[in-house]
Amino acid sequence: MRITELLAQAAGPLVFDGCDFNGADLSRLDLQDAQFRNCSLVETSLYAAKLSRSSWHRCRGGQSDFESADAVDARFEGCDFNNTTWRRAKLASATFRECKLTGASFEEVAHLALSFADSRMVGADLRRLSFYKTRLVGLDFQDADLSGCDFREAVFEQCSIRNAHLKDTRFHGADLRGADISGVKLGNAAMFKGAIISARQAAELMLELGLLVG
């Protein structure tokens, strides 16, 4: 049965368990409150789909397109969404936990109260996202584009921003003692003014500035 027929006949939210949607066109479908468990959605189009309050558990969706999707209050747990596109998606109050988001693009998303935890975001495009006063746990931002992000008064725990792109990124008041900040370029050191760092991290920054700590 086609998914559009299922949606037309459904008396309540649909549950998809172990379904294969690889390469499917699910764009603009109303999938609000739907549950996706152990599904495969590789290279699937969910463009402008209605995904508010949907839940996703251990799904694989590499290179899928979530552009302009409405995923307000959606929950993603243990999912592999490497190289996905979320451009202009509505992600207010959405949560990503234990997800793989390497190379994912979150350009121009609506992200009020969007949260990430214990997730790998290597090389992801997170430009201009706000993490103001957020507790960040287990996030790997290595090589990610964090240009223009707001980390003021954020607390980093078991995180990495190693070699991340940090143009115009704000860290004033942030607690970076739980973050790997190695690879910070000379021109980026000033943006950490007002942040809390450890003695070891301070020594690393001094080395980047070409200074020797006695």
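How many bridges join strand β3 to strand β4? Here are my notes on that and a few other things.

1. Before we start: this is a predicted model, where local features need pLDDT of at least 70, side-chain atom pairs count only at pLDDT 80 or more, and totals for chains, interfaces and linings use all residues. Residues are numbered from 1 along each chain as its sequence is written, and side-chain values use heavy atoms, with hydrogens and water left out.

2. Back to the opening question: three bridges link β3 (residues 55-57) with β4 (residues 75-77), and the two run parallel. Look at W56, whose bridge partner in β4 is F76. Strands here are DSSP runs of E, at least two residues, numbered from the N terminus, and two of them pair if DSSP finds at least two bridges between them.

3. Now zoom out. The open sheet has six strands, in the order β1-β2-β3-β4-β5-β6, with parallel pairing. β1 (15-17) and β6 (115-117) are at the edges with a single partner strand each, so one side of each has no neighbour in the sheet. From one strand to the next, the twist averages 5 degrees (axes are lines fitted to C-alpha atoms, and angles run from 0 to 180 degrees between N-to-C directions).

4. For C19, the nearest cysteine sulfur belongs to C39, 4.6 Å away. For C59, the nearest is that of C79, at 4.7 Å.

5. Which of these is buried or partly exposed? C59 counts as buried because its relative accessibility is 1%, while C19, at 26%, counts as partly exposed. The cut-offs are under 20% relative accessible area for buried, over 50% for exposed, and partly exposed in between (1.4 Å probe, protein chains only).

Methods:
A disulfide is a pair of cysteine sulfur atoms within 2.5 Å. Helices (H or I, at least four residues) and strands (E, at least two) are DSSP runs, numbered from the N terminus.
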